Amino acid sequence: MPATSMEELVSLCKRRGFIFQGSEIYGGLQGFYDYGPLGVELKNNIKAAWWRSNVYERDDMEGLDSSIIMHRLVLRHSGHEATFSDPMVDNKKNNKRYRLDHLVKDQKEGVIARVAAEIGEDASNFPAVVAALIKNPAKASEALKTAGVRDAFSGEVGDWTEPRPFNMMFKTTIGPVADEESYGYLRPETAQGIFTNFKNVVDSTSRRLPFGIAQIGKAFRNEITPRNFIFRVRELEQMEIEFFCTPGTDEDWHAHWLEKRLSWWEAQGVPRSKIEILDVPPEDLAHYSKRTYDLMYDYPTLGHEEIEGIANRSDYDLGSHTKSQAELGIQARVEENNDSVAKLTIPHPETNKPIVPFVIEPSAGVDRALLAVLSEAFTKETLENGNERIVLKLRPHLAPIKVAVIPLARNKPELVDLARKIKSELQALGLGRILLEDSGNIGKAYRRHDEVGTPYCVTVDFDTIGQNEGEGNADLKDTVTVRDRDTLRQERIKISELSGWIQAKLR
């Protein structure tokens, strides 16, 4: 049985060292989380799987790692200064602050229906309800009060302010002088670092259309109300591709990337049957988007929420930065053909004339990916003896620990030394983390490694070193017991064959 609630996943993550609350010893910091010993391994494995699939296994992709802090003009001319905001309301009774759409969505159905009726909208079309509230702030304030919208903290009907935009970007001072010109922004997305490096990548690699640039990195969004564990946070990590193509071919490439991304999720253990494809309505599109598909995964407790967006950004970004450079005179030396050398263009593959390419952007959050992978892997099983076990049936390439090597008795140097030697030999295969587990209790060790998703446990026992007497035991010398996480099957494998056996299973 898979996880039925977010609480089960949160409990597992804290108990087994996947995820901790940020600054926990000081009471925690809302919207910030730290990845523990197993969490960082799982997170790195997800990122490695994404990078391998999208960069190493393709011939039309380059990688990039751009700066986290960005020049203020980048975010101004990308449209983020003006549009990267969420609607915010305050409860004047207790000064609690809420994101408008989250506040209304969390109300009972009857309350939502009354809010919709107050502003003349159909309650079944929730985006239209929110849009109407944002469009008419004064009316929205009265509608929230009249409909009886309750404060999530106090449980009482609130006295709500008018909705107003709240820009989610973190501004940061650059240098010792704090004036109007000495600031930048923590990037709200990794994409702008790709766009501003477009010309650098083209010039240094001689790429021609179509091709993409991939990047994994941190982004920062000052969410009004971070919530739902690591689903909505203020510090997040993105896996983004900007795929550049010839105008007119963009819709075909959009369909291509939709299929590629669905296939990738399946390979990570997230089935298509749990993902709905939302073709975002025109009125809900981001300011840069021509068309966007949102992949909506069915999370425990949360229901269907976005796990990845695949947007057709047209030529908005490269075009905007080209115009802004020309307007500001930044490297905008104009030659006889009236083409600025700073224009972010590339030769058309057929005509060789400079064009601003269209862009398809698959963008997934690492944190949300990890939450989905954990949700699908989390399994409760009832064993033949009636006991229940929790097991993470992670795909082997994602498992934080690939193999646990367990000496049956930790106070026997001959067992521990041999286990350590086997661990070193397996580690040298480069498959990921191999753990020497010397807790001394084989049953507890098995249960722990089931719960953290270790595919195989290798036990070094007294038969391995030939210390068990009895008929037939001689054949067990120099063999180990290998236990399969999913089937619970145990078999004896010769130490001399173990590396090849494990390598075949994990690759």
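The model is predicted.

One pairing can be followed in detail. S10 (residues 211–220) and S11 (residues 235–245) run antiparallel and share ten bridges. Within this pairing, Ala219 has Leu236 of S11 as its bridge partner.

Which parts does the pair of Phe243 and Trp253 tie together? Phe243 lies in strand S11 and Trp253 in helix H11, so the pair links parts that are ten residues apart in sequence. The ring centres are 4.5 Å apart and the planes stand at 45°, so the pair counts as tilted. The structure holds 14 aromatic pairs.

## Two backbone exceptions

Most residues other than glycine have a negative phi, and most peptide bonds are trans. The peptide bond from Leu209 to Pro210 is cis, with omega near -5°. Pro210 sits in the loop between helix H10 (198–205) and S10. Thr301 has a positive phi, near 70°, and is not a glycine. Thr301 is in the loop between S13 and S14.

## Helix packing

Two packed helices are described by the angle between their axes and the distance between the axes.

| Helix pair | Axis distance | Angle |
|---|---|---|
| H6 (residues 109–118) and H8 (residues 137–147) | within 9 Å | roughly 145° |
| H7 (residues 126–135) and H8 | within 5 Å | roughly 120° |
| H14 and H16 | 10 Å | about 35° |

Take H6 and H8. Their crossing is right-handed. H6 contributes Val111, Arg114, Val115 and Glu118 to the contact, and H8 contributes Lys139, Ala143, Thr146 and Ala147. By class, this contact has four nonpolar, one polar and three charged residues.

H8 also meets H7. The axes of H7 and H8 cross at roughly 120°, and the two helices are therefore oblique to each other. On the H7 side, the contact uses Leu133, Ile134 and Lys135; on the H8 side, it uses Pro137, Ala140 and Ala143. By class, there are five nonpolar residues, no polar ones and one charged.

## The five-stranded sheet

A second open sheet is made of five strands, in the order S21-S20-S22-S23-S24, with mixed pairing. Which strands stand at its edges? They are S21 (434–436) and S24 (490–494), and each pairs on one side only. Neighbouring strands of this sheet are turned by 25° against each other on average, direction ignored.

S23 (residues 479–484) and S24 run antiparallel and are joined by five bridges. Thr481 stands opposite Arg492 in S24.

Two helices lie across strands of this sheet. H14 (residues 413–427) lies across S20 (403–407), S21, S22 (456–460) and S23. Its direction is at about 165° to S20. H16 (residues 495–506) lies across S20, S22, S23 and S24, and runs at about 125° to S24.

H14 and H16 also pack against each other, with their axes 10 Å apart. The crossing of H14 and H16 is right-handed. Which residues of H14 meet H16? They are Leu418, Ile422, Glu425 and Leu426. Their counterparts in H16 are Ile495, Leu498, Ser499 and Ile502. By class, the contact has six nonpolar, one polar and one charged residues.

Definitions and conventions: Residues are numbered from 1 along each chain as its sequence is written. This is a predicted model: local features need pLDDT of at least 70, side-chain atom pairs count only at pLDDT 80 or more; totals for chains, interfaces and linings use all residues. Side-chain values use heavy atoms; hydrogens and water are left out. Two strands pair if DSSP finds at least two bridges between them. Helices (H or I, at least four residues) and strands (E, at least two) are DSSP runs, numbered from the N terminus. Axes are lines fitted to C-alpha atoms, for helices over the stretch in contact, and angles run from 0 to 180 degrees between N-to-C directions. A crossing is left-handed if the near helix is turned anticlockwise from the far one by less than a right angle, and right-handed if clockwise. Contact means heavy atoms within 4.5 Å. Ala, Val, Leu, Ile, Met, Phe, Trp, Tyr, Cys and Pro count as nonpolar, Asp, Glu, Lys and Arg as charged, and the others, Gly among them, as polar. Angles under 35 degrees count as roughly parallel, over 145 as roughly antiparallel, 65 to 115 as roughly perpendicular and the rest as oblique. Rings of Phe, Tyr and Trp (its six-membered ring) pair if their centres lie within 6.5 Å; planes under 30 degrees apart count as stacked, over 60 as edge-to-face and the rest as tilted.
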